[in-house]
Amino acid sequence: MGKVNVADSCTQEPLLRETLDALGEFSEAVPDTISSRYSDARQTINELATLGIDLLDVAETLEREGLASFVQSWDDLIASVEDQLKNAGAEVMPAGAVKPASGDGASTGTPAAAAPEETATSVRQQ
């Protein structure tokens, strides 16, 4: 099976020849729609800069806000799982390890699992 890189040199995933052939049967693939538009992209970025919009600042803001949103969602998920474990009679220890409930509702003496050394919360606080 031969592999063919159908985009510019930034492409990391070459396509198998069979995939490329199948694509050609069902559509009119354009091999490179990116390189010919570099100057248009540069012009757009320059126009944004003249309007006071810093594309790097926009990207950094999106990254920071996206990460914060992910961390909040992760923390909410962990809190929900901990609540469900507690409601099921398990004991959730501070590090996140859990002592499962025994059949009679009491917890056993051995933790079932330990929490990872770094949680989303601890990483966010650094």
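Me: Where does Ile-45 lie?
Reply: Keep in mind that this is a predicted model. Its chain has 4 helices and 4 strands, and reading along the sequence gives the pattern β-β-α-α-α-β-β-α. Ile-45 lies in helix 2.

Me: Is Ile-45 buried, partly exposed or exposed?
Reply: Buried means under 20% relative accessible area and exposed means over 50%. The relative accessible area of Ile-45 is 38%, so Ile-45 counts as partly exposed.

Me: How far apart are the C-alpha atoms of Ile-45 and Leu-55?
Reply: Along the chain, Ile-45 and Leu-55 are 10 residues apart. Both belong to a nonpolar surface patch. Their C-alpha atoms are separated by 7.1 Å.

Me: What is the area of the nonpolar surface patch made by Ile-45, Leu-51, Ile-53, Leu-55, Val-58 and Leu-62?
Reply: A residue needs over 30% relative accessible area to join a patch. Ile-45, at 38%, is partly exposed, and Ile-53 is partly exposed at 35%. Together with Leu-51, Leu-55, Val-58 and Leu-62, they make a patch of about 530 Å².

Me: Which element gives the largest share of the nonpolar patch?
Reply: Ile-45 comes from helix 2, while Ile-53 sits in the loop between helix 2 (38-50) and helix 3. The largest share is 3 residues, and it comes from helix 3 (residues 55-87).

Me: Which residues gather in the patch of negative charge on the surface?
Reply: Let's start with one of them, Asp-57, which is found in helix 3. Asp-57 has a relative accessible area of 42%, so it is partly exposed. The residues that gather in this patch are Asp-54, Asp-57, Glu-60 and Glu-63.

Me: Which residue forms a salt bridge with Asp-40?
Reply: Side chains of opposite charge can pair when their charged atoms come close. A search of the whole structure turns up 1 salt bridge. In the bridge formed by Asp-40, the closest N and O atoms are 3.8 Å apart, and the partner is Arg-37.

Me: What percentage of the chain do buried residues make up?
Reply: The chain exposes about 10000 Å², with carbon and sulfur atoms supplying 57% of that area. To count as buried, a residue must be under 20% relative accessible area. Of the 126 residues in the chain, the buried ones make up 10%.

Me: Among contacts between residues at least 6 apart in sequence, what percentage join residues at least 24 apart?
Reply: A contact here means heavy atoms within 4.5 Å. Among the chain's contacts between residues at least 6 apart in sequence, the share joining residues at least 24 apart is 17%.

Key:
Residues numbered from 1 in each chain as written. Predicted model: local features only at pLDDT ≥ 70, side-chain atom pairs only at ≥ 80, totals over all residues. Heavy atoms only, no water. Patch = residues over 30% accessible without salt bridge, like charges linked within 9 Å, V, L, I, M, F, W, Y side chains within 5 Å. Areas by Shrake-Rupley, 256 points an atom, 1.4 Å probe, with all protein chains shown as cover. Salt bridge = Lys/Arg side-chain N within 4 Å of Asp/Glu carboxyl O. Helix = DSSP H or I, 4+ residues; strand = E, 2+ residues; numbered from the N terminus. Buried < 20%, exposed > 50% of the residue type's maximum accessible area, 1.4 Å probe, protein only. Lys, Arg positive; Asp, Glu negative; His and termini not counted. Charge placed at Lys NZ, Arg CZ, Asp CG, Glu CD.
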